[in-house]
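This briefing sets out selected features of one protein chain for structural review. The sequence and the coordinates are shown directly below, and the notes that follow are grouped by topic.

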Amino acid sequence: MIPTTKFDALVSTPQAFLTLQQTETKTKWFTWSNFFACVFDEVHHVLKDHPYRIIAHGIKAWELNEKQRVQVVGLSASLTYAVEHRAVEQALANLCHDLSVTKMISPTEEELKKSGYVPQDDSIGM
């Protein structure tokens with residue numbers, strides 16, 4: 001069901017949102033000009049064949065065409081499945097490129113410890 005009044009927040013699965021964008025072309029409710037921000041939960045899915053990737057590229061194309069910005073917030077406990085240092089760096093670079101990221105924030109080790117995080121030596125021996 002399409003909203004009949006403006007909304008402050010829209011929560012949707014990625015595929016349902018894509019479907020709305022593709023099918024509701026007359027009302028234009030779901031064009032990027034109607035959105036201030038887009039939150040990607042499990043943002044690492046942007047890196048693979050997933051609706052998030054289509055949404056991210058749609059935002060980027062709209063921004064280039066319209067010269068406006070949609071604020072993007074990406075959340076993830078694991079930004080990549082890569083293990084090797086260079087592969088992790090490349091995955092993060094790709095993610096930043098796909099989302100036009102200009103700033104990435106993560107907690108400091110001190111902040112994590114205050115929240116109960118116990119650091120472990122997770123280095124891989126060769």
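Apart from residues up to four places away in sequence, His 45 touches His 50, Tyr 52 and Tyr 81. The model is a predicted one. His 45 is found in the loop between β1 and α2, and its relative accessible area of 17% places it among buried residues, since buried means under 20%.

**Other loop residues**

- Glu 42 is also found in the loop between β1 and α2.
- The phi of Glu 42 is positive, at about 65°, although Glu 42 is not a glycine.
- Glu 42 has a relative accessibility of 33% and therefore counts as partly exposed.
- Ser 100 belongs to the loop between α3 and α4, the latter spanning residues 109-114.
- Ser 100 has a phi near 55°, which is a positive value in a residue other than glycine.
- With 17% relative accessibility, Ser 100 counts as buried, because the cut-off for that class is under 20%.
- Ala 77 lies in the loop between β2 (71-75) and α3.

**The largest nonpolar core**

- The largest nonpolar core has 18 residues, of which Trp 32, Cys 38, Phe 40, Val 46, Ile 55, Ile 59 and Leu 99 touch the most other members.
- At least two residues of this core are supplied by each of α1, β1 (37-41), α2 and α3 (85-99).
- Helix α2 gives the largest share of this core, namely five residues.
- Val 46, one of the core residues that touch the most other members, is in contact with Phe 40, Tyr 52, Arg 53, Ala 56, Leu 95, Asp 98 and Leu 99, leaving aside its neighbours within four places in sequence.

**Packing of α1 against α2**

- Helix α1 (residues 14-23) packs with helix α2 (residues 51-66) at an angle of about 45°, and their axes are 8 Å apart.
- The two helices, α1 and α2, are therefore oblique to each other.
- The crossing of α1 and α2 is left-handed.
- On the α1 side, the contact is made by Pro 14, Gln 15, Phe 17 and Leu 18, and on the α2 side by Pro 51, Tyr 52, Ile 54 and Ile 55.
- Sorted by class, the contact of α1 with α2 comprises seven nonpolar residues, one polar residue and no charged residues.

**Packing of α2 against α3**

- Helices α2 and α3 pack at an angle of about 50°, with 8 Å between their axes.
- This pair, α2 and α3, is therefore oblique as well.
- Arg 53, Ala 56, His 57 and Lys 60 of α2 make the contact with His 97, Asp 98 and Leu 99 of α3.
- The contact of α2 with α3 divides by class into two nonpolar, two polar and three charged residues.
- Among the residues of this contact, Arg 53, Ala 56, Asp 98 and Leu 99 are also in contact with Val 46.

**Separations in sequence and in space**

- Ala 77 and His 97 are 20 residues apart in sequence, and their C-alpha atoms are 19 Å apart in space.
- Glu 109 is found in helix α4.
- Glu 109 has a relative accessibility of 45% and therefore counts as partly exposed.
- Glu 109 and Ser 33 are 76 residues apart in sequence, with a C-alpha to C-alpha distance of 38 Å in space.

Note on methods:
Residues are numbered from 1 along each chain as its sequence is written. This is a predicted model: local features need pLDDT of at least 70, side-chain atom pairs count only at pLDDT 80 or more; totals for chains, interfaces and linings use all residues. Side-chain values use heavy atoms; hydrogens and water are left out. Axes are lines fitted to C-alpha atoms, for helices over the stretch in contact, and angles run from 0 to 180 degrees between N-to-C directions. Helices (H or I, at least four residues) and strands (E, at least two) are DSSP runs, numbered from the N terminus. Angles under 35 degrees count as roughly parallel, over 145 as roughly antiparallel, 65 to 115 as roughly perpendicular and the rest as oblique. A crossing is left-handed if the near helix is turned anticlockwise from the far one by less than a right angle, and right-handed if clockwise. Contact means heavy atoms within 4.5 Å. Ala, Val, Leu, Ile, Met, Phe, Trp, Tyr, Cys and Pro count as nonpolar, Asp, Glu, Lys and Arg as charged, and the others, Gly among them, as polar. A nonpolar core is a set of buried Ala, Val, Leu, Ile, Met, Phe, Trp, Tyr and Cys residues joined through side-chain atoms within 4.5 Å. Buried means under 20% relative accessible area, exposed over 50%, partly exposed in between (1.4 Å probe, protein chains only).
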